[in-house]
Amino acid sequence: MLVEKEQGALRIAALDASAARLGITIGMTLTETRTLMPNLAAAEANRQADAEALRTCAELCAMFTPLVAIDRMDGLMLDITGCAHLFGGEAALLQRTRHKIARMGFTSSAAIAGTPDAARAFARFARNTISAPGQDEALAHTLPITALAQEHNTTVALSRAGFRTLGDLAKRPSSLLAARFGEGLVVTLQRILGREDIRITPLRALPECMAERHFPEPLVLMDSLLGALERLVQDIAGALERRGEGGRVFEASVFRTDGTVRRLEIETAQATRNTAALLRLVELKIEALADPLDPGFGFDAVRLAVTRSEPVHTHQQMLDGKAQDADSETAIAELIGRLVARFGREDVRRFVGRDTHDPVRSSGTTPSLSAIGSVLWPALEAGSPPARPLTLFEPPQLIEAIAEVPDGPPLLFRWRRILHEISGAEGPERIAPEWWREGSRAPATRDYYRVEDADGHRFWIFREGLYEDSNTRPRWFLHGLFA
Amino acid sequence: MITHRAIWRQDAPDTAREAGESCADKAWLSLVGRAAMHEFYTTRQIDAAGAGGCALAFTCSLTQGRPLLWVRHDAMDREVGTLHASGISDLGLDPAGMILLRARNTQSALQAALEGARCSSLGAVIVEFWGEASAYDLTASRRLSLAAKASGVPVFLLRSAARPAPSTADTRWQVHAAPSGLRAARAPGDPRFALTLLRARNGQEGLSLYLEWSRDARAFRICEANAATGFGAPPRRTAPASLPRRLVSVSFDRSGTPSALLRQRIG
């Protein structure tokens with residue numbers, strides 16, 4: 001029994017079958033129930049944990065259909081259009097779903113009907129109904145009016161008006177009901193009766209295409225799982241080829257017998273349907289998992305879905321071997337795919353240039369697979385040495401420097417406890433901060449110098465602030481190292 | 001889709017491309033060839049940027065414009081800063097033609113480098129890690145050099161703050177930054193590097209080179225020691241004492257044949 005604080009008292013939020021037999025109902029206060037049964041076991045309800053458990057169940061049910069939605073606080077809605085025959089018919093599918101949920105440790109009631117609202121009403125008020133196509137209305141007529149799940153006042157008003165079942169309501173003209181109880185009631189009624197249909201909003205977007213395997217016996221060996229994945233990859237590649245497309249993002253879902261679902265996302269740098277390359281990516285991804293894929297008591301099912309696809313342009317092999325460029329481009333894209341599968345999307349990066357004079361913002365990095373565009377890096381005049389350092393410290397490193405003249409480059413500076421004597425310098429190059437970005441607390445203007453010490457190390461250092469500005473003493477920083 | 005363009009900057013002159021390729025004929029440069037693994041060691045942390053620049057410069061002359069994979073240990077960002085695309089562009093390479101891999105540890109850096117070395121469409125692989133690395137053993141280096149041989153992709157392994165460990169690399173260099181030829185008003189010039197060959201297959205150990213990288217020509221120039229540019233004193237930190245005491249100084253004559261370039265002074 002779970003209790004929750006509501007209106008200043010601990011009230012029953014959820015109870016099990018044995019508590020229900022004692023006559024306890026949801027909404028009673030805990031003290032009230034204690035008078036009935038002094039030694040009741042009660043714990044505090046945790047709505048968030050409930051929602052997470054429901055979410056886990058939803059992930060698990062995704063093995064039956066990709067379209068799963070969470071229905072209110074304690075229900076799941078599965079769109080099984082076109083899926084039932086794969087599991088031996090609707091009755092078998094219903095049985096299997098309930099069995100799965102039971103293995104997670106929950107009791108459930110389920111129903112199959114033509115519309116989501118009808119299914120919800122049957123599941124809650126007429127357990128385990130399977131309504132054949134066109135039968136929704138006849139069956140729904142027997143449901144009590146509480147099946148409408150309206151506000152308490154509406155339900156009371158309806159029962160006072162003498163309505164007991166939905167059948168009673170359905171006989172009345174809907175305009176009268178709408179005038180008295182609002183449009184919402186009529187719409188709900190129409191939906192439960194199967195006269196109006198809506199689509200559910202699934203938890204996950206419907207994949208572009210997918211292939212799956214359900215195993216009659218749980219699969220315990222990783223090798224056989226890889227074998228199954230190989231067949232799935234072939235199926236998917238075939239499906240993609242028929243569509244003239246290649247996948248950019250793939251998702252492999254592995255359903256374990258105990259209800260755990262593992263998802264592996266595989267992203268490629270180029271749309272692909274190459275079976276061998278894809279299979280290699282899947283293997284790399286499995287190897288690279290921080291939390292290894294543990295068969296436990298076995299895998300029930302495995303699914304491979306393409307969540308993003310793009311048209312593939314096939315390159316014609318030229319007689320003069322011009323298609324080689326495309327080949328090496330594919331090879332590079334495949335290399336990036338493999339690196340991403342093994343090291344993660346965030347760790348494989350490329351440079352991206354931005355049109356700004358701020359040295360830090362002008363060249364950043366972004367994951368290789370992101371679609372951010374880049375500007376070209378400005379070219380230097382011929383004959384001039386590199387103007388920007390090879391590496392940049394972020395944030396810049398504070399150094400102690402001694403300058404000969406206030407506006408000149410330093411003579412000496414100390415960085416990481418080593419004294420550098422400057423033998424050559426060029427500057428200053430004044431870079432003002434982008435005040436429109438920083439707001440009122442814009443950093444001071446920086447005067448950059450390219451300096452070289454007696455050993456030949458080249459540094460990019462700057463002075464923050466100006467000597468004329470008497471309020472703050474200028475500080476020196478080392479910002480980068482030249483090659 | 002993002003394609004990795006050629007590593008040459010678009011504005012590279014055709015003559016530069018030729019110069020870059022013809023450089024491979026020079027005797028000393030043939031030491032740093034394709035289909036081989038090269039190790040660049042630095043003793044001081046600030047030389048790591050120099051070693052990176054030097055590897056990039058070699059890459060630029062070897063890649064024939066193909067993309068480059070740069071694998072970098074996480075610790076490098078803290079020690080010598082993050083790679084800066086404008087700086088790479090200023091050395092004459094196109095940053096858009098680079099794939100960067102941030103490795104969490106030496107193990108994954110080596111795995112990534114191996115993956116890259118097997119991909120013959122790459123121009124070069126640069127792998128950089130910090131400090132002593134037990135994962136980089138003979139087996140790991142053998143894998144890398146075999147992959148480089150099979151695919152023809154040169155692998156540059158940059159190590160800072162580490163003692164040279166036994167490996168199967170074709171060449172091993174010690175790299176220092178060298179004072180550049182100062183320009184008017186004592187402005188630093190093109191980057192120069194002092195390289196010492198610590199180990200080579202063909203037994204040219206001890207060879208010392210002062211190289212200047214010219215972005216415009218996309219080629220190295222050998223600088224004469226004690227030239228009037230104000231530089232000439234050998235780098236303060238010289239090669240470790242374990243080296244053979246045979247010093248080779250190279251006085252460069254552009255028209256000379258490679259064999260004439262090396263005037264040996266046994267000391």
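**Exercise 1. Determine what share of chain B counts as buried, and describe its make-up.**

Of the 267 residues of chain B, 54% count as buried, where buried requires 20 or more other C-beta atoms, placed from the backbone, within 10 Å of the residue's own. The model is predicted, and local features need pLDDT of at least 70, side-chain atom pairs count only at pLDDT 80 or more, while totals for chains, interfaces and linings use all residues. Residues are numbered from 1 along each chain as its sequence is written, and chains are lettered from A in the order in which they are written. Chain B has eight helices and 12 strands, these being DSSP runs numbered from the N terminus, with helices (H or I) of at least four residues and strands (E) of at least two. Among contacts in chain B between residues at least 6 apart in sequence, 76% join residues at least 24 apart; a contact means that the C-beta atoms, placed from the backbone, lie within 7 Å.

**Exercise 2. Describe the side of chain B that touches chain A, and find a strand pairing between the two chains.**

Begin with the totals: chain B contributes 54 residues to the contact and chain A contributes 52 residues. Next, consider the elements of chain B, among which helix 5 (85-90) gives the most to this side, with six residues, and helix 3 (47-62) and strand 7 (171-178) are among those that each supply at least two. Then sort by class: the side of chain B that touches chain A holds 27 nonpolar, 17 polar and 10 charged residues.

**Exercise 3. Explain why strand 17 of chain A is largely enclosed, and identify its partners.**

Strand 17 (residues 475-481) of chain A is largely enclosed by the rest of the structure because five of its seven residues are buried. On the one hand, strand 12 (residues 391-403) of chain A pairs with strand 17 in the antiparallel sense over five bridges, and A:Leu398 has A:Phe477 as its bridge partner. On the other, strand 16 (residues 458-464) of chain A pairs with strand 17, likewise antiparallel, over six bridges, and A:Phe477 is the bridge partner of A:Phe462.

Methods
Contact = placed C-beta atoms within 7 Å. Nonpolar A, V, L, I, M, F, W, Y, C, P; charged D, E, K, R; others polar. Buried ≥ 20, exposed ≤ 12 C-beta atoms within 10 Å, placed from the backbone. Pairing = 2+ DSSP bridges.
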